[in-house]
Amino acid sequence: MKILTQLTDMNNFTPNEKSIASYILTHKELMLQFNIQELAKATYTSHSAINRLTHKLGLSGFKEFSIKLAREFQQDAQNISNIDPNYPFALGESSLQVAKDIAELMKETIEKNFAFMDETSLSEAAHLLDQAKRIFIYALGDSQIRAKSFQNKLIKINKYVVITTELSEWAYHTINLTTQDCAIFLTYHDKSPIFLKAAQHFSREKIPFITITANHQSELAKMSTICIQVPNDETKHAKIGTFSSQIAFDYVLNVIYSCIFQIDYAKNMQMTAHSLENFHLEE
C-alpha cells in the first residue's frame, strides 16, 4: 500500500505517530529535503519515534521512507491526465480518438494500481491460494466476468475454483468452506451485505479470505486475511461504464495468477503443455 495512504489512514498509530503523520501530510513538499533530525525537531518528537513509525509502514527506516516517498511523488506526477475514468471520451469524438482515450485510461489505471501493490501482500496472497484445497470467489455484476476469467486460468493449473455467486447459492458454499479453503471477495465499493455476512462467518471460523477492493477502509477489508487495494477512481452511478474498476480487477487477478504460476513454474508449464498436447485444446 502507498505510504501516503497509510499515513492518511493512521491505523494503529500512537498519538506521537499521528502527530508525525499529520505533519508529513501537511508539509509534503518539505519531506524530500528533510533528514530525520529536522523532521524530529519540526514534530517535537525523537529519532526513535520516527523510526517506529517507518517500521509500522513496513519500511526499514527513514532512508527507505524518503526513497519510497520520492518514488510516490514521481508516480503521482506522471499520472496527471485529462482522462476522466467515469467519462473517458466525449460527444463527437472520432472512433480513433475514442480508441486513444481508452488506451490512455487502461495505461493510467494499471500504473496507479501498480503503485498500490507491495511484495508482501502479493506473495502471501499467491501462497495462500496455491496451498488452498479449494478457492471460492465472491463477485457480482461485471466483476463476476473478471472472476470467470481468473477461474479459467486457475483451472488450467489444476486448481479447484468455484464462483459462489454465479447461481445465487453463496450461502450453501459459504457454510461448506473449511480452514483448508480460501475465499476471494472481488468488490469495488464494497456495498454488498451478503459479502459482509459471509466474511463475518469466515472470521468466526478462522477461514482465510482475500479482499480486492477500492474501499480499503470498509469492515470487509479490515476483517480480511489480506486486502489488496485498487484505485478508487470510479463513482458508483455517474459513469458511462465500469472501465476503470474492471481494468484494475483484471490486472490484479492476472498478477496474482502469475505469482501462483511462479511458485512451481516448471510443474505448471508441464501441466499446461501436457493438456494441449494430449487433448489438442484450442483457445
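This is a predicted model: local features need pLDDT of at least 70, side-chain atom pairs count only at pLDDT 80 or more; totals for chains, interfaces and linings use all residues.
View 1. The angle between H2 (residues 15-26) and H5 (residues 47-56) is about 85°. H2 contributes Asn-16, Glu-17, Ile-20 and Ala-21 to the contact. H5 contributes Ala-49, Ile-50, Arg-52, Leu-53 and Lys-56. By class, the contact residues are five nonpolar, one polar and three charged.

**View 2. The largest nonpolar core holds 36 residues.** Leu-129, Ile-137, Phe-150, Ile-212 and Ile-256 touch the most other members. Helices H8 (119-131), H9 (142-155) and H13 (243-263) each give two or more residues. So do strands S1 (135-139), S2 (161-163), S3 (182-186), S4 (209-213) and S5 (226-229). H13 gives the most, with 10 residues. A second, separate core has 22 residues, including Ile-3, Phe-34, Leu-53 and Leu-69.

**View 3. Ile-137 is shown with its contacts.** Residues up to four places away in sequence are not counted.

**View 4. Ile-135 is buried in strand S1.** Its relative accessible area is 1%. Neighbours within four places in sequence are left aside here. The contacts of Ile-135 are Leu-129, Leu-154, Tyr-160, Val-161, Val-162, Cys-182 and Ile-184. His-274 lies 139 residues from Ile-135 along the chain, and their C-alpha atoms are separated by 23 Å.

**View 5. Phe-185 and Phe-209 form an edge-to-face pair.** The count of aromatic pairs in the model comes to 13. In this one, the ring centres are 5.5 Å apart, with 85° between the planes. Phe-185 lies in S3 and Phe-209 in S4, so the pair ties together parts 24 residues apart in sequence. Phe-185 is buried at 0% relative accessibility. Phe-209 is buried too, at 1%. Ring pairs link Phe-185 and Phe-209 into a cluster with Tyr-138, Phe-195 and Phe-202.

**View 6. Tyr-188 and Phe-249 also pair edge-to-face.** Their ring centres are 6.2 Å apart and their planes stand at 85°. Tyr-188 lies in the loop between S3 and helix H11 (193-205), while Phe-249 lies in helix H13. The pair therefore ties together parts 61 residues apart in sequence. Tyr-188 counts as buried at 8% relative accessibility. Phe-249 counts as buried at 0%.

Technical notes
Residues are numbered from 1 along each chain as its sequence is written. Side-chain values use heavy atoms; hydrogens and water are left out. A nonpolar core is a set of buried Ala, Val, Leu, Ile, Met, Phe, Trp, Tyr and Cys residues joined through side-chain atoms within 4.5 Å. Buried means under 20% relative accessible area, exposed over 50%, partly exposed in between (1.4 Å probe, protein chains only). Helices (H or I, at least four residues) and strands (E, at least two) are DSSP runs, numbered from the N terminus. Contact means heavy atoms within 4.5 Å. Axes are lines fitted to C-alpha atoms, for helices over the stretch in contact, and angles run from 0 to 180 degrees between N-to-C directions. Ala, Val, Leu, Ile, Met, Phe, Trp, Tyr, Cys and Pro count as nonpolar, Asp, Glu, Lys and Arg as charged, and the others, Gly among them, as polar. Rings of Phe, Tyr and Trp (its six-membered ring) pair if their centres lie within 6.5 Å; planes under 30 degrees apart count as stacked, over 60 as edge-to-face and the rest as tilted.
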